[in-house]
Amino acid sequence: MALTSSSSSQQKGVVITVPVLVLAVSVAAIFLFFLLSSLSTCTCPPSVVPSAAVSSYHGGSDREKISATKEDIEWVRDQIYSNGLHMQDNVLRKGINPRTREQQLQDLRQYKGISHYESPDADNHTALPCPGELLVEQHHSNYGEPWAGGRDVFEFLAEASKLTPDSRVLEIGCGTLRVGLHFIRYLSPEHFHCLERDELSLMAALRYELPSQGLLHKRPKIVRGEDMEFSKFGSDVVYDLIYASAVFLHMPDKLVWVGLERLVNKLKPYDGRIFVSHNIKFCSRLGGEECTKRLTSLGLEYIGKQTHDSLLFNHYEIWFGFRRFKT
């Protein structure tokens with residue numbers, strides 16, 4: 001009887017608490033439903049994508065950093081110091097096959113010391129065969145100053161023009177892409193255009209520099225041409241930056257003016273920039289008043305001379321800027 005009475009009591013207790021438990025579960029379920037619904041309508045950016053990275057790439061307020069900062073310089077100096085590094089004589093080091101550029105070129109031509117395919121398979125394993133002269137980078141010495149100076153030019157022009165990856169850039173005379181490589185890497189695909197007349201330079205750019213730098217996917221539009229003919233770039237393209245590095249020095253003044261006349265309508269009004277390096281004798285030879293009058297007739301305004309120091313060697317660039325002051 002005691003066992004029966006105890007069992008009956010427990011059963012009664014269970015009967016009493018079941019409605020309370022069901023009610024509690026129901027309330028919890030309703031609360032969870034509204035909580036999840038409110039979360040599903042949240043407009044916050046996904047936490048897995050850093051907002052700063054997105055805005056810098058797409059031209060937001062936090063633009064992608066271009067020039068080295070003071071902290072960057074201090075960091076690399078600290079790395080050199082902490083590793084106890086000092087500049088040594090630049091002589092060939094011991095290695096598998098240390099060679100000068102001339103020796104490398106000879107080796108390439110004779111396949112000396114290079115694992116290579118013999119005929120008939122010799123032409124079946126290289127998708128884009130490159131001439132040996134380009135492989136040993138002889139064209140890097142064509143500028144009369146260090147190849148690294150191309151980065152200096154890019155940094156100045158990109159920052160002076162306030163470029164973003166979505167900007168469009170035209171270089172008149174891009175050569176072997178000493179400067180252009182940096183623009184191509186920074187800009188969105190197809191946003192870098194170049195007009196170049198020299199065939200060897202174009203071969204170096206297309207057959208060596210772009211493939212070796214992994215930039216073929218950027219699809220820059222590089223056109224062989226001269227006489228300041230820009231029709232192949234399209235009639236509706238508008239540039240944020242047009243620049244010529246030392247090119248106008250080698251052109252007749254009349255041809256430079258023809259080029260400016262053709263380009264002015266391709267430059268973004270007000271914010272777009274034209275930069276010319278070294279000097280603007282094509283203009284100054286006319287005299288100050290006549291030069292200004294000629295520019296004004298084209299809708300261009302001279303905005304001044306600027307200089308930019310090199311990061312790596314004792315050198316500075318001189319640039320003359322222009323803007324389009326009317327639509």
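A: **Salt bridges and their setting**

Glu-137 has a relative accessible area of 24%, so it counts as partly exposed. The model is predicted, and the values below are computed from it. The partner of Glu-137 is Arg-101, with which it forms a side-chain salt bridge at 3.8 Å from N to O. Arg-101 belongs to helix α4, while Glu-137 sits in the loop between α5 (132–135) and α6; the pair therefore ties together parts 36 residues apart in sequence. Arg-101 is also partly exposed, because its relative accessible area is 31%.

In general, side chains of opposite charge can pair when their charged atoms come close. The count for this model is eleven salt bridges, and two further ones are described here.

One of them joins the side chains of Glu-145 and Arg-178, with an N to O distance of 3.1 Å. Glu-145 lies in the loop between α5 and α6, and Arg-178 in the loop between β1 (169–172) and α7 (180–186), so this pair ties together parts 33 residues apart in sequence. The two partners fall into separate accessibility classes: Glu-145, at 23% relative accessibility, is partly exposed, whereas Arg-178, with a relative accessible area of 7%, is buried. Burial is assigned under 20% relative accessible area.

The other joins the side chains of Glu-229 and Arg-262 at 4.0 Å, N to O. The rule asks for a nitrogen within 4 Å of a carboxyl oxygen. This pair again links distant parts of the chain, 33 residues apart: Glu-229 is in the loop between β3 and β4, and Arg-262 is in helix α9 (residues 253–263). Glu-229 is partly exposed, with a relative accessible area of 39%, and Arg-262 is partly exposed as well, at 37%.

These pairs sit in a chain with eleven helices and seven strands. The seven strands form an open sheet of mixed pairing, in the order β3-β2-β1-β4-β5-β7-β6. The edge positions belong to β3 (221–224) and β6 (300–309); each has a single partner strand, so one side of each lacks a neighbour in the sheet. From one strand to the next the twist averages 20°.

A nonpolar surface feature can be set beside the charged pairs. Trp-75, Val-76, Ile-80 and Leu-85 make a nonpolar patch of about 400 Å². Leu-85 is in the loop between α3 (70–82) and α4 (101–110), and counts as exposed because its relative accessibility is 51%.

For the chain as a whole, 33% of the 327 residues count as buried. The chain exposes about 21,200 Å², and carbon and sulfur atoms supply 56% of that area. Of the contacts with a separation of 6 or more, 74% are between residues 24 or more positions apart.

Terms used:
Residues numbered from 1 in each chain as written. Predicted model: local features only at pLDDT ≥ 70, side-chain atom pairs only at ≥ 80, totals over all residues. Heavy atoms only, no water. Patch = residues over 30% accessible without salt bridge, like charges linked within 9 Å, V, L, I, M, F, W, Y side chains within 5 Å. Areas by Shrake-Rupley, 256 points an atom, 1.4 Å probe, with all protein chains shown as cover. Helix = DSSP H or I, 4+ residues; strand = E, 2+ residues; numbered from the N terminus. Buried < 20%, exposed > 50% of the residue type's maximum accessible area, 1.4 Å probe, protein only. Pairing = 2+ DSSP bridges. Axes fitted to C-alpha atoms, helices over the stretch in contact; angles between N-to-C directions. Contact = heavy atoms within 4.5 Å.
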